Amino acid sequence: MASDANGSANGGTAASVMEDVLRRLQSPDNAVRGEAEAQFNAAKGSPSVCLEVLAVLATASSDELVREAAAVLLRRTTKELWSGADERVRLGVKSTLLQSIQGDYRDGLRKKLCDTIGSLGGHLLSDNGWPELLPRLLSLSTSTVATERESSLYIFSQITAYMSAPELEQQAPTLRSTVEVGLADSVPAVRVAALRATCATLSVLESKACRAFEPQLPAMLQVVSGSLAAGDEVEARTCMELLVEVLDAEPRIWRSQLGLAATLMLSVSSTAALEENTRQLGLEFLVVAAEKLPGPCRKLGTYVRSVLPVALGMMLELEDEPEWHTRDEEEEDSSDYTNFSAGQEALDRLAMALGGKSVLPVAEELLPAYLNSADRWMNRHAALLAISQIGEGCRKQLEGGKLGSVVGLALRSFKDPHPRVRWAAVNCIGQMCTDFGPGIQEQFHAQVLPALVGVMADGDGGADGQSGQGSARVQSHAAAAVINFCDEASPAIMAPYLDTLLGQLMSLLQSSRLMTQEQAVTAIAAVADAAETQFDTYYGTFMPPLKAVLTRSAGNQRLRRLRGKVMECISLIGLSVGRERFGADAAQVMDALVRTSADAGVDDPQAFYLMQAYARICRCLRDGFLPYLPYVMPGLLTAASQKPDIEVLGDDADYEEEGLETVTLGDKRIGIRTAALEDKATACTMLTCFVTELGVGMMDYVEPVAQLMVPLLQFFYHDEVRTAAANCLPDLLRCVKNSGTAAPTALTQLVAFMLPTLLEAITNEPETEVLSAMVEALGEIVDVGGVHVTSGADAESVLNAVANCLERVVTEAESRRRERVAAAEEDGWDEEENEDANEEEAREDELLSHVGDAVGTVVRSGGLPALSTLLEHFYALLASDRSGGERRVALCVFDDVVEHGGAAGLAWIPRVLPALCAYATDEDPDVRQAATYGVGASAEVCALNGAEASAAFMAAGGAKAALALEAVITAPTSREEGSEMATDNAVCALAKVLEMQAGCVGGDVVASRLTSVWLSYLPLRADVAEARVVHAALVRACERGDERVFGGATYAGLPRVLAVLADVIGTELLDDEYSGRAVTVIARMQAVLPAGVLEAALAPLSPAAHAKLLGNGAAGVGGGANHAGGSASADH
């Protein structure tokens, strides 16, 4: 179809040919349509002609179908053809498109042309390739022709997506005045277009710039009211969707108009005459407002009291369909999102957003009337489900003394005459077992489990005459509630109920209803998991029939999910009873699983259960699982390698489609199928489990697993995939490191392969929890890799890259902290908002803790020189106004710097010792523990580095250190459970000061007092590592003949010394070497002490203690190798 674009005759011919192609593209005949597609693709080889002809046909063809097809193809291909077209054609196309805004076209075609202008305009704006576009749009926005005003504003809404925030901010004043006029237009379509343009602008601008649009919010809400008043619910829904998006992205601008917006949306959601979708959008706005502006919503006073009845009212819009009673599926059909579904979801989200203090009092007012509605089952049903929904959000308030009454209320409803109410009551108990575990299991097991067994045994269908139709659903749901109960139940709680519970579940297993069988199998699995080794008694009863189901159901399409649940059950039973009992059946079970894996097709529900069953059986059999790896790994690697099912969604796509998640990337809306993603995430988690559990046994698979997992660190479609990838990497290194002679080279290569991608992934990771896993993995890689990270030609650059990466994590966390502080001050957060912020702070503290651990690993690996800038950030965290978590991490970092940093670490002691001394008495025991450990480490390091270093310790506050440690040890709470670890570290630190920094202690009186304080606390038991250090110090003091320890000339302290040594010799609290030295020094005492002194000191002790101390009971003691130091915390 190529032609000379300058020749009108040829141009006309090209247009005729293209017109024919466009008609044939719409043919129902595949062959005709395929031929036309080929011709069109060939035509694109002449960009100028193709572009020009499409523009002409879109605006001037006499055939309406051709015009619309040309407009669609013009939008889709303009960017592709633009660069190849000559300048004359480009200018002509731009002119034609601008003129089309003023053309007299049907709405559908005009919109398509506007979409093309928006797409091309956005593409050209960055290079100022269409300078006349914005002025022309502004001019047309004040046209006397309504369609021109509408089109110009609509195009504005399209091109903003292509503009950066700074670019758009330059145009914001003009655009704001333009949309202000548009929102007040007399024509509804223009007002809607103005709303689109406003919302599109707000989605791009920075938050501060958005606030200038606050005055437009009432007019934006009025567009919705106007559409509803005109009876145009479709347009009203479009507007409400836009407003919900703005509320979600920029909630702060709504604060001043929240009451007005709530009034409108309450009216929409509660108006029964409106369509369901319209009412649901009104409720969605109210719920999003609660989630994004919880404080302002609470401050309105009537918000919960107004919204909760609307949600509850929607839950009454439910029919008692006969299908509910006869359905033999685990889950109800969720393809239609009903008002009932919307109301139920809203209650959960409202409670989570606004908290129990606001929601529970209103619920307590509303629900009794619902529960007491004897003639309306749906009211009782709604009330019980409402309790299920709000429970998690009201947890603190319900646990404060109200939980028992709620449990009792739900259990009484187990006897309701209507099966759907009984189902709701069982659901309520099951949900509470999840939301309030393990407390509900510990407090109410005697009420809950027998009641659930009773429901599972109930087969009469209730007094409503359902004749058993409802009972199978209720029985199955009771089994599901047992699963919830078992998730948080200990073996001791389960023990008294196992006979009855498992007997009833075995009965359900024989049911003719597939759904009942499936739930029974899963419940048996949950009971086995909770009962642990106690299930051994029932193993012979359940394993044979479960294996029989596995065999009989093979190949049966209808039974695939049941079969998957049986796999789950068998694997959990195996894990509970252990390798010795399960081993005899493992080969047969694994054979069935491997055969299933080979035969499983696409979308087979067994695949999910297979992967998890493999992981559990691997954990049970350990190295006994190795023979099955050749059969299991190929399928697992394939599942973990799945590409995401992604599509670019068009304007007419169903964004609410089940199993479809959408994200916006630039100007495109991307749809992602979630089912395949879940399978991929499960497979990745299973691979990580295999590497962790099997260690060197996975050596043959290290390379393919690493090649798969390392790129998945940047798989942004699923958090669990990235987390699994991060968790896997250190264990892959351990596998190689422990594999044998070839390990060093392979380890170097693997570290070099992992680190660059991991560092990049950390830099780009948006989710705090995933970021924590990645930073933790980084620290472990440095630790496991050791010299393969910190030595060699690239060591300096690698360590600098690690330090820069960690520094960025810290600075970005600090930036987020400042944003929270600013938001709290600006918005006046209430108590609940501060509690939510505390939860976020806890996640940030966990991240910071992992950064601190990684820094410590780098320091211990000799990389301190690379950390100079990063350490200044941690030094700033020692300020008194920082949180306890931040100070603890900073103290632990400097503990490592002092202890393992060599000369560079020694140089930090004068700066950090004052903070160590100050925080040694902090009210937070974790802070005390880190600080006291650091004091001891500083005392020891300075002593080992000579008199000058010891003088520096003294000058930096060494004298205060001893007194601070004394205060920790003698505090009334020092021996309480939460304080023991910190006190043990303080005792150990004091031992080091007394032994190594005697000049800091003062005169003999003070020294004797401190020694007495130290000795009075022994032996240490909470922190074993510190105990070994301090008890070794006691032995050395005895070897020196330290009079302060013995109690002077009267040897008053000797009985205490001997009692402590008798307690620790031959235990993990004292190393073998020092146990021997202790016996030796006591033998020497017999020769050097005055007659009768040793005997008198030994007299209060038992014969066994005598034997230990005098060398008759120390043989074969265990305590491991001698350790020079302990730790400030369990993970320090």
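**Ground rules.** I kept to the numbering that runs from 1 along each chain as its sequence is written, and to heavy atoms for side-chain values, with hydrogens and water left out. Because the model is predicted, local features need pLDDT of at least 70 and side-chain atom pairs count only at pLDDT 80 or more, while totals for chains, interfaces and linings use all residues.

I looked up the second largest pocket and found about 1200 Å³ of space in it. A pocket here is an open set of points on a 1 Å grid over the protein atoms alone, where a 1.4 Å probe fits, with protein on both sides within 12 Å along at least five of seven lines; lining residues have an atom within 4 Å of a point. The lining holds 36 residues, and R252, K292, R820, A823 and W829 are the closest to the centre. Elements that give two or more residues include α13 (233-249), α15 (276-292) and α42 (831-860). I noted that α41 supplies the largest share, 7 residues.

What is the make-up of this lining in nonpolar, polar and charged residues? I got 13 nonpolar, 2 polar and 21 charged.

**Cysteines.** With a disulfide taken as a pair of cysteine sulfur atoms within 2.5 Å, my count is 0.

Key
Points joined across faces, edges and corners; volume = space filled by probe spheres on them. Helix = DSSP H or I, 4+ residues; strand = E, 2+ residues; numbered from the N terminus. Nonpolar A, V, L, I, M, F, W, Y, C, P; charged D, E, K, R; others polar.
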